Amino acid sequence: MHVLVLGGTTEARRLAESLAAEAPEVRVTTSLAGRVAAPRLPPGEVRVGGFGGPAGLAEWVREHRVDLLVDATHPFAATMSRNAILAAAEAHVPLLALRRPGWVAQDGDRWHSVASLAEAAEVLPALGERVFLTTGRMGLAAFAEAALDSLSFLVRSVDAPEPPCPRQMHVVLDRGPFDLGGEREILRLHRIDVLVTKDSGGDATAPKLTAAREAGIPVVVVRRPPVPEGVPVAATSDEAVEWVVRKLYAEGSDGVDGSGASG
Ligand code: NAP
């Protein structure tokens, strides 16, 4: 029995770890896009790099006799999630989307919800000059516009960003989890007056939101792309393990219908 996990997230790694511990007879392959130079590797097999679109993914699934597909990519990896749906349909394998819930604003938060990085860039000049940008190095082009040249950006990313980048930029190379003390210190030390984040959800990077709330700093929150319809969704790696075990053992890998993570 072979499960392919489309990874690149903490939850994907946790899923591979749980399956290795709880169902060691199941072959688990985690697929990484290859964006991070030295990724944290899960147990089981790991393959790196794109498949060449939905057809390439379907081909890989067939060739490697994959029984179940779990899309545990980041909530903002919308292309890969779409590819997973098309490939699962083409190769006739059940698909589960593992999506941690988004963050919810609390009393005292000063959130500005936007639809995209481009919209985040548009609202920034009205909110402050010293920006803490935590949206990842891949989307920096949106903040490299001449209209933002007077803003100063503190960019935090796992690997060094590549151009185009904001004109005034200081880079901190780091990866989560981040703690509240450290996040408070960054806001204070760099005299940050606005934070930009994707609505990634999860605990690992949430302390920056608490630190911003405490400091009364506005936060520009980029909304998630919608979860594609018709795909069962698990909110945690534990729920995903349950789905995998149920599909492989209770229902049998032939009789599955992909109708709901809890169904
Ligand atoms: P994306 O825009 O949805 O995907 C672009 C292309 O990258 C896909 O068409 C696919 O290439 C390849 N790809 C993406 N995820 C892959 C995977 N797990 N295994 C193999 N190929 C993959 O993806 P993205 O937003 O650039 O994210 C890339 C990776 O970084 C994902 O694994 C994601 O979980 C992780 N990540 C993303 C973010 C974010 O904010 N977007 C944040 C943290 C981690 P082919 O079409 O050639 O198969």
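Seven helices and 12 strands make up the secondary structure of this protein. The model is predicted. The chain is divided into two parts: domain 1 (2-101 + 225-254) and domain 2 (111-222).

**Overall dimensions**
- The C-alpha trace spans about 60 × 35 × 30 Å along its principal axes.
- The radius of gyration is 20 Å. A compact globule with 263 residues would have a value near 18 Å, so the protein agrees with that expectation.
- The accessible surface comes to about 12500 Å². Carbon and sulfur atoms account for 51% of that surface.
- Of the 263 residues, 46% are buried.
- Take the contacts between residues at least 6 apart in sequence: 67% of them join residues at least 24 apart.

**The two domains**
- Domain 1 is built from two stretches of the chain, 2-101 and 225-254. Domain 2 covers 111-222.
- The centres of domain 1 and domain 2, taken over C-alpha atoms, are separated by 29 Å.
- Contact between the domains involves 11 residues of domain 1 and 13 residues of domain 2.

- Six strands form an open sheet in the order 6-11-10-7-8-9. The pairing is parallel.
- Strand 6 (111-114) and strand 9 (169-173) are the edge strands. Each of these two pairs on one side only.
- Neighbouring strands of this sheet are turned by 20° against each other on average, direction ignored.
- In general, strands of a sheet pair through backbone hydrogen bonds.
- Strand 6 runs parallel to strand 11 (residues 219-222), and four bridges join them.
- Val-114 has Val-222 of strand 11 as its bridge partner.

**A helix on the sheet**
- Helix 6 (residues 207-215) packs on this sheet.
- Helix 6 touches strand 6, strand 8 (152-157), strand 10 (194-198) and strand 11.
- The direction of helix 6 makes about 155° with that of strand 10.

- Glu-251 is found in the segment after helix 7 (237-250).
- Glu-251 has a relative accessible area of 32%. Buried means under 20% and exposed means over 50%, so Glu-251 counts as partly exposed.
- Glu-251 and Ala-126 are 125 residues apart along the chain. Their C-alpha atoms are separated by 55 Å.

Notes: Residues numbered from 1 in each chain as written. Predicted model: local features only at pLDDT ≥ 70, side-chain atom pairs only at ≥ 80, totals over all residues. Heavy atoms only, no water. Buried < 20%, exposed > 50% of the residue type's maximum accessible area, 1.4 Å probe, protein only. Pairing = 2+ DSSP bridges. Axes fitted to C-alpha atoms, helices over the stretch in contact; angles between N-to-C directions. Contact = heavy atoms within 4.5 Å. Rg over C-alpha atoms; globule rule 2.2 N^0.38 Å. Areas by Shrake-Rupley, 256 points an atom, 1.4 Å probe, with all protein chains shown as cover. Domains from an automatic or database assignment.
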